[in-house]
Amino acid sequence: MSKKKNNYETAAVQLYEREYSKGIRFYLHYSVNGKQVREPLKDLPLVRKKDRLNYNDVKAKVEAIAFERTKQIREGKLGFSTKNGKLLLKDWFAVCVERAKSHERENSNRHTWSRTIEYTGEIVEQYHCNAKLSEVDKKFVMGFIDYLKSTYIIPSRLPNAGQHMKPSTAKKKQDAFSYVLKMAVADGKIDHNPFDQINASDKIQKSESTREYLTEEELIKLAKTPTEKEQTRHVYLFMCFCGLRISDVKALRWMDIEKDGDRWQLRIRQQKTQAPLYLPLSEQAKKFLPERGDATDEDLVFADIPTEQAMNRQLKDWAKTAGIKKKVTLHTARHTFATLTLTKGGDIYTVSKLLGHADIQTTQVYAKIVDKKKEEAVDMLNDILD
């Protein structure tokens with residue numbers, strides 16, 4: 001099964017194709033009145049890519065339909081108008097908050113991202129009361145960044161009241177604002193995201209943090225330690241050997257796992273970034289997949305698992321039983337995968353692709369961890385001849 005997206009990233013309508021056993025079906029994805037619409041084009045015949053002539057003919061028809069849907073949306077013929085001269089920025093924030101909450105409910109995620117967007121909207125409103133979406137340009141967002149850095153004070157209802165935000169917290173608000181504008185571009189409400197016009201050096205940078213991970217010895221020790229929470233054990237160890245985020249594991253369906261020759265692999269669209277990810281599965285990762293039984297292609301692979309909060313509590317108890325003093329959470333599995341893959345000789349570019357990172361610099365932090373371990377190992381020889 002494959003799922004691909006064309007170049008409609010900045011249009012109101014996005015085009016997807018999904019390959020089934022009988023051929024490829026095309027879908028359109030767009031938003032109307034704040035609601036996500038997935039429109040299957042069932043009137044078009046199923047085609048195969050190897051039948052290049054028919055495939056290209058159907059693809060041209062799909063693109064024509066997508067173009068027409070985009071036009072209908074922008075002309076207000078599908079439920080909303082995109083003439084946004086009067087659309088308040090705070091109202092668009094509210095739409096994005098509801099979308100995030102809906103996504104979190106569907107995936108049983110904690111409402112952290114929607115709350116971040118909501119809080120960011122409050123800060124933007126303080127920075128510029130009743131600003132219109134059409135007024136947001138490079139100067140506006142540059143001013144907002146400066147406001148976060150030097151002016152904004154945390155209110156009394158929150159921890160660290162009366163202080164300026166830490167760089168890591170301010171960066172989350174900056175990223176949330178950029179996300180809201182990105183969604184406005186995707187919906188055809190604005191032409192571009194002003195954050196894309198700003199140099200990286202002018203944006204708030206997150207201070208480098210310590211990333212907790214398990215060493216090979218600790219991973220073996222944990223895996224050999226019994227626990228009554230078998231679902232959490234299987235989810236965590238699967239993540240340790242494939243590097244997926246918990247959001248992607250929870251959304252994983254049997255149709256996303258396919259066999260190519262002797263190799264099993266995943267083809268998914270990442271929940272966090274919506275970017276496609278192709279991931280070969282190791283033999284170790286396969287060991288922790290549940291039995292499929294009579295599950296259909298549409299069924300979840302890890303069905304009826306505990307909440308993230310519950311699994312993190314269970315991981316804490318499991319690690320304590322194993323005698324591991326580190327703070328073990330679901331996300332340490334991803335860090336463990338990255339660090340061990342590099343330690344075993346994987347190159348930084350390949351590991352970046354396996355993790356689904358858009359920028360290899362995001363992966364560099366793991367390389368620094370491995371370099372530090374090398375330095376520590378070499379330093380152990382310093383006193384041999386003293």
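Because the model is predicted, local features need pLDDT of at least 70 and side-chain atom pairs count only at pLDDT 80 or more, while totals for chains, interfaces and linings use all residues; side-chain values use heavy atoms, with hydrogens and water left out.

**The whole chain.** Display the protein chain as a cartoon, where 13 helices and seven strands make up the secondary structure, these being DSSP runs (H or I of at least four residues for helices, E of at least two for strands) numbered from the N terminus. Of the 386 residues, 44% are buried, meaning under 20% relative accessible area with a 1.4 Å probe and protein chains only.

**Helix α7.** Select residues 230-240, helix α7, in which eight of the eleven residues are buried; among them are Y236, F238 and C240. The elements that cover these buried residues include α6 (216-224), α8 (246-251), β6 (263-269) and α11 (330-343).

Beyond its neighbours within four places in sequence, L244 is in contact (heavy atoms within 4.5 Å) with residues including F238, V249, L266, L279 and R334.

**Helices α2 and α5.** Next select residues 89-106 (α2) and 167-186 (α5), whose axes, lines fitted to C-alpha atoms over the stretch in contact, come within 10 Å and cross at roughly 90 degrees. The two helices are therefore roughly perpendicular, a label given to angles of 65 to 115 degrees. Show side chains for L89, W92, F93, C96 and R99 in α2, which meet F177, V180, M183 and A184 in α5.

**The cysteines.** Finally, which cysteine sulfur is closest to that of C242? It belongs to C240, and at 9.0 Å the sulfur is too far for a bond, given that a disulfide is a pair of cysteine sulfur atoms within 2.5 Å. The whole structure holds zero disulfides. C242 is buried at 2% relative accessibility, and C96, back in α2, is buried at 1%.

Notes
Residues numbered from 1 in each chain as written. Buried < 20%, exposed > 50% of the residue type's maximum accessible area, 1.4 Å probe, protein only. Axes fitted to C-alpha atoms, helices over the stretch in contact; angles between N-to-C directions. Parallel < 35°, antiparallel > 145°, perpendicular 65-115°, else oblique.
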